[in-house]
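Trainee: I am new to this structure. Could we go through it together, one question at a time?

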Amino acid sequence: MIKNVTPQEINQCILFYNDFSVNTIAEDIITRVDQVTGVLVNYRETTISYNGTSISSLDCDDIIYLEYDNKFYKRQFEGPVNVMWFGAIGNGLNDDTNAFINAINYCKKTAGELYIPEGVFHINQSLYFDDVIPVNNTGKFGIKIIGAGLRTIIKFFGTSQILFDLFST
């Protein structure tokens, strides 16, 4: 059984990893249990944020980036960002709006893909995509949203009658 832990209860690993291809030297990797999904996640030490600048405490969201023991770490993953990492529950009862907003905001900065897994997600306001910016020197722009087919359901309870707003804020 996996125990839920707080970000302060991060376990140090014995692993030593250097990746010079991305101008980042990682001295170690830490592991923690994702508080929402219950999955064991590795975070690699980094000095560079998503946009190529030096990372700071302002970049840390305790989801993709975290700070521990005066060092910065980035979540290790391939493929799309999962909205569940940002706190979405998908049970049709809980309000998943903030999780979607935070996941979309991260994807806007990285021109990333957003995965919405199987579940019934409750959204109570429009989700805005109009301020998506190109990612530095990558040629990437926009967000790709991926679902689990017919098993991914978004129920909109907002008053604006617009779930995805692509043009106005």
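Trainee: In which sense do strand 8 and strand 11 pair?

Mentor: Keep in mind that this is a predicted model. Strand 8 covers residues 113–116, and four bridges link it to strand 11. Ile-116 stands opposite Gly-147 of strand 11. The sense of the pairing is parallel.

Trainee: Which strands are the edge strands?

Mentor: Start with the order. The open sheet has three strands, arranged 6-8-11. An edge strand here pairs on one side only. That gives strand 6 (81–82) and strand 11 (144–147).

Trainee: What angle does the direction of helix 1 make with that of strand 8?

Mentor: Helix 1 spans residues 97–110 and packs on the sheet. It touches strand 6 and strand 8. Its direction and that of strand 8 make an angle of about 155 degrees.

Trainee: Which element gives the largest share of the largest nonpolar core?

Mentor: This core has 24 residues. Val-83, Phe-86, Phe-100 and Leu-114 have the most contacts inside it. Helix 1, strand 8 and strand 9 (119–123) each give two or more residues. The largest share is six residues, and it comes from helix 1.

Trainee: Which residues does Phe-100 touch, leaving out those up to four places away in sequence?

Mentor: Phe-100 is among the residues with the most contacts inside the core. With those sequence neighbours left out, its partners are Val-83, Ala-88, Ile-116, Phe-121, Ile-123, Leu-127 and Ile-154.

Trainee: How many residues make up the second core?

Mentor: The second core is separate. Among its members are Ile-30, Val-41, Leu-66 and Tyr-73. Its residue count is five.

Definitions and conventions: Residues are numbered from 1 along each chain as its sequence is written. This is a predicted model: local features need pLDDT of at least 70, side-chain atom pairs count only at pLDDT 80 or more; totals for chains, interfaces and linings use all residues. Side-chain values use heavy atoms; hydrogens and water are left out. Two strands pair if DSSP finds at least two bridges between them. Contact means heavy atoms within 4.5 Å. Axes are lines fitted to C-alpha atoms, for helices over the stretch in contact, and angles run from 0 to 180 degrees between N-to-C directions. A nonpolar core is a set of buried Ala, Val, Leu, Ile, Met, Phe, Trp, Tyr and Cys residues joined through side-chain atoms within 4.5 Å. Buried means under 20% relative accessible area, exposed over 50%, partly exposed in between (1.4 Å probe, protein chains only).
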